[in-house]
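Hi,

Here is the structure I said I would pass on. Have a look at it first, and my notes follow below.

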Amino acid sequence: MLKSLRAGLAGLAALACLGAAPAPPGVALDVLLAEAPAPRLADYRLFKDISGRQPNGLTPYGLNTPLFTDYAEKFRFLYLPPGTKAAYRAEGVLDLPVGATLVKTFAYPADMRRPDEKVRYVETRLLIHKREGWVAQTYVWNADQTEAVLKRAGARLDVSFVDARGQTVQVDYAVPNQNQCKECHQLDKAVTPIGPKARNLNGDFAYADGTENQLAHWTRLGLLTGAPKPAVAPRTARWDDPHEPLEARARAYLDANCAHCHNPRAVASNSGLFLNIEETRHAALGVGKGPVAAGRGSGGLRVGVEPGDPDSSILAYRMASTEPGVMMPELGRSLTHTEGLALIRAYIAGMKTP
Amino acid sequence: MPGEDGASEMKTLITVSLAATALSGMAQAKTIAVAPGADAQERIQTALLDAKPGDVVRLAAGRYELSDGLSLDVDDVTVTGAGPDATVLSFKGQKGAGEGLLVTSDRVTVRDLGIEDTKGDGVKSKGADQISFINLRVEWMGGPKATNGAYGVYPVSSTNVLIDKVTVKGASDAGIYVGQSKNIVVKRSRAEFNVAGIEIENSINADVFDNVATRNAGGILVFDLPNLPQMGGNSTRLFRNKVVQNDTPNFAPKGNIVASVPTGTGVMIMANKNVHIFENEIAENQTAAVMLVSYIQKFDDKTYNPLPRDIVVRDNKLGRNGWDPKFDGGAILAKMMGGALPPVMWDGVTTATGNSEVVRVRITDGPVLNLQLPAPGALMQAKPVKSDTVGDAQIAEPAAVVLPKRQADLGA
């Protein structure tokens, strides 16, 4: 009895010591920059706790219009090495220094109607700017949520959640393999981030100490240099904001969900279908354009986009499908994004023949 | 003595590996062996990620059940099995990705494997230089079906493409499809029960020879399509191929360009330039032995020429063809021609809006049916004329395609 009391006291003393200890070590930049990926996410010290809930000095961010990934919640963070800054670019991804790391955790609340409760982390993906260029890795969380380990060859995970209408949804969640990371994250065959473009960051974020425009916040914190006032910087529409123009929302959605492959410098360049936000040619946007290598992905339809007629448009057909070989995107989803599909159908329905 | 043996064995090993290193110019080229069994997906994919330039990924004989696509993005790697019937990658349970195996790096060889039942394409290369597919079998085991994947072997936007001793069966588009590529050899291969056997599309400099295309809807196609990054397909030679009995009803999903290929077509040239068809055996194709046609769909592309031009058809051995043509108006046309169509048919279009390029042909195999259409697809205004030959333009044959030596020697 006395012995256990003494042990307990010792424990308390240890706790007290911890509390008085200096701040925990920062992010392990050397591990981030090492040639070989670390075997465990914890090795990078990007988070203070073993469950990856408490970022270690990272900056959280969001995108006006993100990629749909089977309704997963995404928690995004930026890490910049001490003393470095991102440089503003009006077009494309911000100029991020060597050592910069984009951290994205994919998670599912047990019930989407209570998004802050019982949140299961599935994987945490890293895009690390090494000296030789960007490298993509992903770490898969264990069932106990105490450790995430490197998974290079991809995996399938059973996930289920209750959706906004109270229906249980089963997801055959795909963790991408390292090459698949690159399939989406590339321009001219080099790995690149997709999300952190000025125009997609140009929106408000609810920080712990209040809501602020992200470009302004990053500038104020000394993380970003050269950015103009948000009002004059380019801005991607929010795909889900009904107050924004339909076309802007639809083009933002296609840009975020399709254009990482469907642009002239990426994996689907051979398709001739270019859905990046800068594209203006009708045929390149699918209007009146026949399929090239779609196979049964054409669904028996003649053109990518038939203005006024979503049912005759291959674009909508492939977005609706969940069948491998038909569905688009090819990677990153196994469910139909009902709301995204509705947006694109409305956009096509409202299009006039050029 | 055992010790001495061991030492000399070690010495031999070192010498061999040093020699191998010197030969390949790669440090410590190695073989990564993979055996069938549980977790095949992860083990093969890990091998493809771990491979370094110069390495061989060797898949032992047996059956591998895959649940997702595989991909390779390392230069100078060979992926090999124990033979197209011995090492089988089955994608019957595939849940994602657009193809079975995707190669995006240079100087890669995929050989001696069978690939079955992929949900999309079989094996694809994108943007690869010196890509070689040798002694492969790509097959949809349920026979020809519209739900099969589109292409069997599918190099696209690639340069220096070698396809040798490959068999493809059941593709719902083209068995062997080369798109938007340059410097291509397709030889000693077999395409059966696909919509199109072999298709060369929007590509430049292709030699297609010593192949067999049979039981497809169409045997060998050379096309050029609009609104693509690489257009102006030209300079293809089709020779010494056996293009016989292409009689599988076209099962392509509508909308795809091959859905327009009439069942029973031997060789079809659509748009494209400088295509030479010679010394082939073309027989038992109910629609036509050789068809030269324009692209007839609407397009919005000023740089595109929809007409076949500079086409040579000579010295082919034409058997029975054209007795029951499977295109709209074909039966009436056959009746007009005395019951069967002549084996070679040209739509005869010589002018396209916005294009001043002269259309030349030299067709010495016949008889030839010239439809003399005034414009692409204007069938109602056909003025069909039958003759023994059409055109006598002197059209220089493209030089033989030469692949880099290292690659050219692979299939020997």
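Between chain B and chain A there are five salt bridges. One of them joins the side chains of A:Lys151 and B:Glu42, at 3.1 Å from N to O. Keep in mind that this is a predicted model. Polar contacts turn up across the interface of chain B and chain A too, in 20 residue pairs (both at pLDDT 80 or more).

Which parts of chain B touch chain A? Helix 2 (40-50), strand 4 (70-72), strand 7 (99-103) and strand 11 (153-156) of chain B each supply at least two residues of that side. Helix 2 of chain B gives the most, with five residues. Sorted by class, the side of chain B that touches chain A has 13 nonpolar, 18 polar and 12 charged residues.

As for the extent of the interface, 43 residues of chain B contact 37 residues of chain A. About 3200 Å² is buried between the two chains, and carbon and sulfur atoms give 46% of that. B:Leu49, B:Lys95 and B:Lys126 supply 17% of the area that chain B buries against chain A, more than any other three residues.

Now to chain A itself. Six of its strands make an open, antiparallel sheet in the order 1-2-4-5-6-7. Strand 1 (59-61) and strand 7 (148-150) of chain A each have a single partner strand, so one side of each has no neighbour in the sheet. The twist from one strand to the next averages 30°. Within the sheet, eight bridges join strand 5 (residues 119-130) of chain A to strand 6 (residues 133-141) of chain A, and A:Leu126 sits opposite A:Gln137 of strand 6.

Cheers

How values were computed. Residues numbered from 1 in each chain as written. Chains lettered and ligands numbered in written order. Predicted model: local features only at pLDDT ≥ 70, side-chain atom pairs only at ≥ 80, totals over all residues. Heavy atoms only, no water. Pairing = 2+ DSSP bridges. Helix = DSSP H or I, 4+ residues; strand = E, 2+ residues; numbered from the N terminus. Axes fitted to C-alpha atoms, helices over the stretch in contact; angles between N-to-C directions. Contact = heavy atoms within 4.5 Å. Buried area = accessible area lost by both parts, 1.4 Å probe. Salt bridge = Lys/Arg side-chain N within 4 Å of Asp/Glu carboxyl O. Polar contact = N/O pair within 3.5 Å; in protein donor to acceptor, adjacent residues only side chain to side chain. Nonpolar A, V, L, I, M, F, W, Y, C, P; charged D, E, K, R; others polar.
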